[in-house]
Amino acid sequence: MIVRLVILGGSGSGKSTQAQRLCKYFGVPLISTGEILRDAISGDTTGNGYGELNDLGRNAQPYVIRGELVPDEMMIEFIKVRLSQQDANCGWVLEGYPRTAFQAEELDFLLDNLGEKLNWAIYLQVPQVVMVSRSLGRSLPDDQPEIVQRRVELFYDRTIPILEYYDRRRRLLTINGDDSPEQVQHNILTLLG
């Protein structure tokens, strides 16, 4: 079975952890928009073979530096280029995208054009207080209390419409992300059946 999954969740919900675990389990690439953007912006693109993505990253740099969301058109182009690459033919796990209902719809159009289908959007649901405390515990440079609080608010504003979008298409799996990483992975794999 070819696995194509989207991982959704707020800051500190365990998205990265579960995305990495699922990639390892299914032997598919992790497509993390945050990582692609960070690499492209830091210029750390040596030998990644993503020439076109690196150019897109440089265009996205001013938005990221200002802490703004990269415009939909730019992100959609990123995903289009990345999903067209050879290693994505056998499946993938997408983390950090889509971030808006519009991007979710565009992803479906893109997959239709590629003759592919999304299996599931997996939503890691954790209470707001857990999101905040986990984020503050990571000690990343941008994990300041007021920034974390803002990210959590933005997450709820933007994510509810995405969840509704996938739910209407019967493509949404909601998982309790407040369990141990092992238990969360077990629950995901059980639901994926």
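These legends walk through several close-up views of one predicted model. In this predicted model, local features need pLDDT of at least 70 and side-chain atom pairs count only at pLDDT 80 or more, while totals for chains, interfaces and linings use all residues. Residues are numbered from 1 along each chain as its sequence is written, and side-chain values use heavy atoms, with hydrogens and water left out.

**View 1. An open sheet of five strands.**
Follow the strands across the sheet and you will meet them in the order β2-β3-β1-β4-β5, with parallel pairing. Strands (E, at least two residues) and helices (H or I, at least four residues) are DSSP runs, numbered from the N terminus, and two strands pair if DSSP finds at least two bridges between them. Strands β2 (30-32) and β5 (172-176) stand at the edges with a single partner strand each, so one side of each has no neighbour in the sheet. From one strand to the next, the twist averages 25 degrees.

**View 2. Strands β1 and β3 with helix α1.**
Strand β1 (residues 3-8) and strand β3 (residues 91-95) run parallel and are joined by five bridges. Look for Leu5, which stands opposite Val93 in β3. Helix α1 (residues 15-26) packs on the sheet and touches β1, β2, β3 and β4 (120-125); here contact means heavy atoms within 4.5 Å. The direction of α1 makes about 170 degrees with that of β1, using axes that are lines fitted to C-alpha atoms (for helices over the stretch in contact) and angles that run from 0 to 180 degrees between N-to-C directions.

**View 3. The loop between β3 and α5, with Pro98 and Arg99.**
Leaving aside neighbours within four places in sequence, Arg99 is in contact with Leu69, Arg158 and Ile162. The UniProt annotation "binding site" (unreviewed entry) covers residues including Gly96, Tyr97, Pro98, Arg99 and Arg151; UniProt positions are given in the numbering used here, feature names are shortened, and annotations may be inferred rather than shown by experiment.

**View 4. Aromatic rings of Tyr123 and Phe155.**
Tyr123 and Phe155 form a stacked pair, 6.4 Å centre to centre with 25 degrees between the planes. Rings of Phe, Tyr and Trp (its six-membered ring) pair if their centres lie within 6.5 Å; planes under 30 degrees apart count as stacked, over 60 as edge-to-face and the rest as tilted. Tyr123 lies in strand β4 and Phe155 in helix α7, so the pair ties together parts 32 residues apart in sequence. Tyr123, at 6% relative accessibility, counts as buried (under 20% relative accessible area, with exposed over 50% and partly exposed in between, for a 1.4 Å probe and protein chains only). Phe155 counts as buried at 9%.

**View 5. Arg170, a residue with positive phi.**
Arg170 is not a glycine, yet its phi is about 55 degrees. Find Arg170 in the loop between α7 (145-168) and β5; at 66% relative accessibility, Arg170 counts as exposed.
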